[in-house]
Amino acid sequence: MKIVAVLSIIILPVVFAYVPAAKFLSRIQAVGSSSSLFLSTSDFKNGLTIELDGVPFKILEFLHVKPGKGAAFVRTKVKNLVSGTTQERTFRAGESVGAADINRVEMQFTYNDGDNLVFMNMETFEEQRVENKKVDNILLMKEGLSCQVTLWNDQVIDVALPPSVTYKVVETPPNFKGNTAQGAMKPATLDSGATVNVPMFIEVGENISVSTADCKYLNRDNN
């Protein structure tokens, strides 16, 4: 015990000289707890899952604000992954926030039974049903698509599609001679059922890459 006390006297002043006390203590708390991990607002990024009031939230947007007067703070827009609602939350700069104890599993979408999307864990071959409301841009989901399914307390709270996916255009108006408008777009229906705006030169039967975050055309992909 005397050795530990001596080491503490020697080491702690050195640690605090390089690491802010609040942040250091939060890291110790994280190490000392098997169920809780604490983050700082400096760790914030879009898509990060945190726990507030015992509920998992996903950060959709965040902005570090340094006013001319007063303390700095971080303004966020977060999504409640249990209820599906969004709200704005403000945190003090450097404030500690709990990270949600979640598990992410790669699963393959197989079919939609009407009320739920059915996924298969390709390692265990077990099926997992997910309520339609848990999936953003559900019309971009297509059979065989590999997604990241997030579980919290053995409950599915989020499904993330790959950042971009290739789809086939099944319906779109034809281009026409004399069309020289720069940046002109037209609607196109994809094989998943979603409709996106595409450049005028895209034709039926072509494959295009689409951003799943905002359902926007990225480029032609006929490889």
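The legends below describe close-up views of a predicted model.

Local features are reported only where pLDDT is at least 70 and side-chain atom pairs only at pLDDT 80 or more, whereas totals for chains, interfaces and linings use all residues. Residues are numbered from 1 along each chain as its sequence is written, and side-chain values use heavy atoms, with hydrogens and water left out.

View 1. Helices (H or I, at least four residues) and strands (E, at least two) are DSSP runs, numbered from the N terminus. Of the 223 residues in the chain, 33% are buried, where buried means under 20% relative accessible area, exposed over 50%, and partly exposed in between (1.4 Å probe, protein chains only). The chain exposes about 13600 Å², as computed by the Shrake-Rupley method with a 1.4 Å probe. Carbon and sulfur atoms supply 54% of this area.

**View 2. Six strands form an open sheet in the order 1-6-2-3-4-5.** The pairing is antiparallel; two strands pair if DSSP finds at least two bridges between them. Strand 1 (37-40) and strand 5 (86-92) stand at the edges, each with a single partner strand, so one side of each has no neighbour in the sheet. Strand 4 (residues 73-80) is joined to strand 5 by seven bridges, and Lys79 has Thr86 in strand 5 as its bridge partner.

**View 3. Strand 10 (residues 146-152) and strand 11 (residues 155-160) form an antiparallel hairpin.** Five bridges join the two strands, and Val149 has Val159 in strand 11 as its bridge partner. Two residues lie between the strands, and Asn153 takes a positive phi near 55°.

**View 4. The largest nonpolar core has 28 residues.** Such a core is a set of buried Ala, Val, Leu, Ile, Met, Phe, Trp, Tyr and Cys residues joined through side-chain atoms within 4.5 Å. The residues with the most contacts inside this core are Phe119, Met141, Val159, Leu161, Leu190 and Ile208. Apart from it lies another core, of 12 residues, among them Leu39, Ile50, Val74 and Phe91. Not counting residues up to four places away in sequence, Met141 touches several residues, including Phe109, Val135, Cys147 and Ser192; contact means heavy atoms within 4.5 Å.
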